[in-house]
Amino acid sequence: MESGYSERLYNEDLAPAQERNWSTWSLFCTWMADVHSIGGYTFAAGLFFLGLTGWQVFLALICGITVVYFLMNLTSVAGQRYGIPYPVLARVSFGVFGANVPALIRAAVAIAWYGIQTWLASVAVVILALKIFPGLEPLARSSFLGLSYLGWICFLLLWAAQLFVLGRGMESVRRLVDWAGPAIYVAMLALAIWIFIQAGGSIDFNLGSKSLSFGGATLAFFTAIALVVNYFSTLLLNFTDFSRFAPSERMVRWGNFWGLPVNFILFSVIVVVVTAGSREIYGSAITDPVELVGRIPSFVALALGALTFAVATVGINIVANFVSPCYDLANAFPKHIDFRRGGIISAVLALVVMPWKLYSSPIAINYFLGGLGALLGPIFGIIVADYYLLRRGRVDVEGLYREGDDSPYWYRGGLNRRALWAFAIAAFVSLIVALVPALKVAAPFSWFVGAGIGGASYYALMRSAPAPLPEAE
């Protein structure tokens with residue numbers, strides 16, 4: 001440990017990255033692993049049912065992912081510049097101990113969704129396993145704690161596989177996403193070609209079934225844009241966990257460019273071809289790729305489909321929901337929890353909450369997870385306003401690991417109360433927008449509301465501070 005660093009703030013996993021071998025290709029593949037999943041497919045397909053025409057949806061997708069690209073660069077470039085993970089970057093604005101508030105909120109969202117995504121992937125594997133091996137049917141009829149024996153087997157297999165990858169460190173994660181992302185592209189392109197052939201080359205891409213007025217279409221258009229941003233709202237905070245390993249800012253920007261606008265739009269094209277084609281073949285659009293693969297009359301296709309979608313979901317889960325809590329928990333207790341121990345704790349918690357029960361409860365999904373998600377916008381607004389508007393990108397890195405007067409981020413007792421007040425104000429408003437039924441139409445915009453109010457209120461509070469802002473050395 002460096003001289004003067006506090007054991008309550010420092011361990012090797014939280015320290016600035018020393019090895020920087022995540023190239024543009026690795027970051028691009030990380031985004032492919034995040035986007036190319038069952039959840040990503042269903043999300044993109046679902047946007048075509050907002051009532052918009054096909055070209056309107058594509059325009060909304062382009063606008064939405066472009067917004068995400070520029071927002072993503074704000075935090076990921078900061079992480080690359082100083083080589084620090086998300087919870088350490090949060091120390092700059094929230095204080096060295098106050099950063100545990102945004103870090104643990106992000107961890108709670110990630111752990112819950114990690115369990116849910118693992119379970120959803122296991123359901124897909126169960127469905128395909130039964131089609132390939134009908135003799136497993138007896139295991140699917142018996143259950144324990146609300147999950148069939150076959151469901152438990154598939155769930156625990158995927159759960160253990162993800163823990164194994166993460167337990168070998170971030171380099172192992174890089175190796176996984178370097179081939180998992182492209183692999184699902186091959187499978188999706190093959191599926192699109194098969195659908196196109198089966199549909200006889202004639203596909204109606206206008207999937208919307210509603211007739212909207214100009215005002216209704218305008219609202220649906222901006223709602224689609226907001227939903228795209230919301231989909232990436234978690235990684236808007238912690239993509240610095242990955243960009244910190246990139247050798248240069250240029251590589252981060254290019255990795256984000258190829259992985260977000262280019263990759264997302266191309267993937268969306270494949271999704272709409274497959275979804276629209278499924279309606280031509282089966283009479284109704286199928287938004288679940290697993291169900292669609294299950295209808296292909298080929299044993300080899302079924303086997304490859306099961307393996308590919310399982311690997312893809314493992315990839316997105318590790319990127320979006322597993323890496324973050326490892327760092328977030330380590331940040332809370334760096335003396336006792338490192339990256340690997342944080343992964344074990346996260347995996348166990350994701351198992352204990354029994355995600356199949358959590359997912360089946362509308363109250364849990366809409367209020368608990370929806371409420372937590374609404375808190376991510378204010379955190380983003382505060383961190384960005386602090387880093388770019390107040391400090392102009394200047395950070396005293398060593399001060400992030402020191403206590404007391406040795407750290408410009410000590411504030412009062414390690415907490416920046418102005419950041420916490422700004423967060424409380426913005427979170428209160430964004431939670432109302434997200435959860436009050438009467439504001440349902442505005443709910444998709446809760447992230448923007450929270451980010452705007454959080455950033456503005458934090459800037460105002462800090463500018464009115466009697467003491468000057470701490471500057472980097």
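Biologist: Let's start at S6, which sits in the segment before helix 1 (24-35). Why does S6 count as buried in this predicted model?

Modeller: S6 has a relative accessibility of 9%. The word buried is kept for values under 20%, so S6 counts as buried.

Biologist: How far is S6 from A443, in sequence and in space?

Modeller: In sequence, S6 and A443 are 437 residues apart, and their C-alpha atoms are 42 Å apart in space.

Biologist: Let's take N256, then. Where is N256, and what makes N256 count as buried?

Modeller: N256 belongs to helix 12. Its relative accessibility is 0%, and the limit is under 20%, so N256 counts as buried.

Biologist: Which residues are in contact with N256, leaving aside its neighbours within four places in sequence?

Modeller: With those neighbours set aside, N256 is in contact with W31, Y69, M72, N73, S76, F239 and P261. As for T30, its C-alpha lies 9.5 Å from that of N256, although the two are 226 residues apart in sequence.

Biologist: Let's turn to aromatic rings. How many aromatic pairs are there?

Modeller: The count comes to 27 aromatic pairs. One of them joins Y69 and F257.

Biologist: What makes the Y69 and F257 pair edge-to-face?

Modeller: Two values decide that. The ring centres are 6.0 Å apart, and rings pair when their centres lie within 6.5 Å. The planes stand at 75°, and over 60 degrees is the cut-off for edge-to-face. The pair is therefore edge-to-face. This pair also links distant parts of the chain, with Y69 in helix 3 (residues 54-82) and F257 in helix 12 (residues 249-282), 188 residues apart.

Biologist: Why does Y69 count as buried, and why is F257 called partly exposed?

Modeller: Y69 has a relative accessibility of 12%, and buried means under 20%, so Y69 counts as buried. F257 has a relative accessible area of 30%.

Biologist: How do you know which class the aromatic pair of F97 and W410 falls in?

Modeller: Here the centres are 5.7 Å apart and the planes make an angle of 70°. With the limits at within 6.5 Å for pairing and over 60 degrees for edge-to-face, the pair of F97 and W410 is edge-to-face.

Biologist: What makes you say that this pair ties parts of the chain together?

Modeller: F97 lies in the loop between helix 4 and helix 5 (100-132), while W410 lies in the loop between helix 18 and helix 19 (417-435), so the pair ties together parts that are 313 residues apart in sequence. Both F97 and W410 are buried.

Biologist: Which residues do ring pairs link into a cluster?

Modeller: The cluster holds W22, W31, Y231, F232, F239, F242, F245 and F264.

Biologist: Which residues line the largest cavity?

Modeller: The lining is made by L89, V92, S93, I383, D386 and Y387. Helix 4 (86-94) and helix 18 (376-390) are the elements that give two or more residues to that lining. By class, the lining has 4 nonpolar, 1 polar and 1 charged residues. The space inside is about 30 Å³.

Biologist: And what is the volume of the second largest pocket?

Modeller: The second largest pocket has a volume of about 560 Å³. Its lining has 23 residues, and E12, D13, A17, Q18 and F245 lie nearest its centre. By class, the lining divides into 12 nonpolar, 3 polar and 8 charged residues.

Biologist: Finally, how many helices and strands does the protein have, and why is it called as compact as a globular protein of its length?

Modeller: There are 20 helices and 2 strands. The radius of gyration is 22 Å, close to the 23 Å that the globule rule gives for 473 residues, so the protein is as compact as a globular protein of that length. Buried residues make up 56% of the 473 residues.

Notes:
Residues are numbered from 1 along each chain as its sequence is written. This is a predicted model: local features need pLDDT of at least 70, side-chain atom pairs count only at pLDDT 80 or more; totals for chains, interfaces and linings use all residues. Side-chain values use heavy atoms; hydrogens and water are left out. On a 1 Å grid over the protein atoms alone, a cavity is a set of points where a 1.4 Å probe fits but cannot get out, and a pocket is an open set with protein on both sides within 12 Å along at least five of seven lines; lining residues have an atom within 4 Å of a point. Grid points are joined across faces, edges and corners, and a volume is the space filled by probe spheres set on the points. Helices (H or I, at least four residues) and strands (E, at least two) are DSSP runs, numbered from the N terminus. Ala, Val, Leu, Ile, Met, Phe, Trp, Tyr, Cys and Pro count as nonpolar, Asp, Glu, Lys and Arg as charged, and the others, Gly among them, as polar. Rings of Phe, Tyr and Trp (its six-membered ring) pair if their centres lie within 6.5 Å; planes under 30 degrees apart count as stacked, over 60 as edge-to-face and the rest as tilted. Buried means under 20% relative accessible area, exposed over 50%, partly exposed in between (1.4 Å probe, protein chains only). The radius of gyration is taken over C-alpha atoms; the globule rule is 2.2 Å times the number of residues to the power 0.38. Contact means heavy atoms within 4.5 Å.
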